[in-house]
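Open the model in your viewer and keep the selection tool at hand. This tour goes from stop to stop and says what to select at each.

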Amino acid sequence: MQNEPNLLKRQDIDALNTVEAAFRSGPLAEALNSAPELERRRGLTREQFDREYRSPQRPVVLEGYAAHWPSVREWTFENLAVRCADVPVMVDSYTSRSARRTTFGEFVRLLDKNADSDSAPLYLQEWYYQTIAPELAPDMPELDIAQYDFRRDLYGEAASTNHQLWIGQRGGITRLHQDSYSVDVMHVQIVGEKRWHIMGPDAELLVGTDGEPRLEELCAAPGTRLMRFVLRPGDVLYLPSRWFHRIELLNDSIGLGRKALDSGNLRAHIRQRVGELLALALNPDELRTTHSELFDVVIARARALANRMDIDLSRLRQ
């Protein structure tokens, strides 16, 4: 198996731990203190967004763009626990050793119980709520700025709107990564606040001849484009495809992850989708060993897509 030289792009556990440690101490942690804030805009029209940000592929925070959503105005952990009390969820799915199934009502009770302990923060990641809790969907209307999403033409309306909720406890971390499948990120903050650290698609962290990551070079390179910002309730983040991002939960938090595929990224999207499915079909044992923290997550993504496309996974078609 070919080894990716850029540590930021590798998803094995050793690389993930190395990069996460760099955010906590050393040159990268120091660079964050002086990193510029991502641009924030308020009151943009769809046409202005397309012209000034989507077309030139410039990330931006749209302040208060979703402030009118029912979810932003009304949701609390407590009322969601009542509405979704018995809905099954997978908690901490990004960490195979602690991943476990429970109900949403029990998850909220665990958050309260865990708040005053020394245990790691709990996180409900990539919750495809529309499959098992579709009653929540009207509280999060479709974003007009995301209507260019070409996945609608590829997979159909249901699959293209199969968005994810990210619900977690203060102190939770989503480690640095690029979103899969060459999609643009549109993240809507609903409850609480999150601190984001982002880097441009050309950011590169290589290992020196001494075996140590060359963090000074990463921080100094113009292509790194290190920035930071805080996302607050009602804010919408637009992050073009292949931008690296890392998230810290400043409070107990609820956010909506909404992807959008630009037609210019169609070939890369298809290649990555097909490559992932072929890897799962032809090389599952090795992948489960080398990417133990991601294997079940990727399986869950594939099942969610198949469900929304009404594909029968029990059959082979001629």
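**Stop one: a pocket**

By class, twelve nonpolar, five polar and four charged residues line the second largest pocket. Here Ala, Val, Leu, Ile, Met, Phe, Trp, Tyr, Cys and Pro count as nonpolar, Asp, Glu, Lys and Arg as charged, and the others, Gly among them, as polar. The model is predicted: local features need pLDDT of at least 70, side-chain atom pairs count only at pLDDT 80 or more, and totals for chains, interfaces and linings use all residues. Residues are numbered from 1 along each chain as its sequence is written, and side-chain values use heavy atoms, with hydrogens and water left out.

Select Met-90, Arg-101, Glu-126, Tyr-128 and Ala-300: of the 21 lining residues, these lie nearest the pocket's centre. A pocket is an open set of points on a 1 Å grid over the protein atoms alone, where a 1.4 Å probe fits, with protein on both sides within 12 Å along at least five of seven lines; lining residues have an atom within 4 Å of a point. Now colour α13, which gives the largest share of the lining, seven residues. Helices such as this are DSSP runs (H or I, at least four residues), strands likewise (E, at least two), numbered from the N terminus.

Most residues other than glycine have a negative phi. Is Glu-126 buried or exposed? Glu-126 counts as buried, because its relative accessibility is 9%. Buried means under 20% relative accessible area, exposed over 50%, and partly exposed in between (1.4 Å probe, protein chains only).

Next, select Tyr-181, in the loop between β7 (173–178) and β8 (184–191). Its phi is also positive, near 75°.

**Stop three: salt bridges**

Select Glu-20 and Arg-246. They form a salt bridge, with the closest N and O atoms 2.6 Å apart. The term means a side-chain nitrogen of Lys or Arg within 4 Å of a carboxyl oxygen of Asp or Glu. Glu-20 lies in helix α1 and Arg-246 in strand β12, so the pair ties together parts that are 226 residues apart in sequence. Both Glu-20 and Arg-246 are buried.

Move to Arg-214 and Glu-217, another salt bridge, at 3.0 Å between the closest N and O atoms. Glu-217 is partly exposed, with a relative accessible area of 46%.
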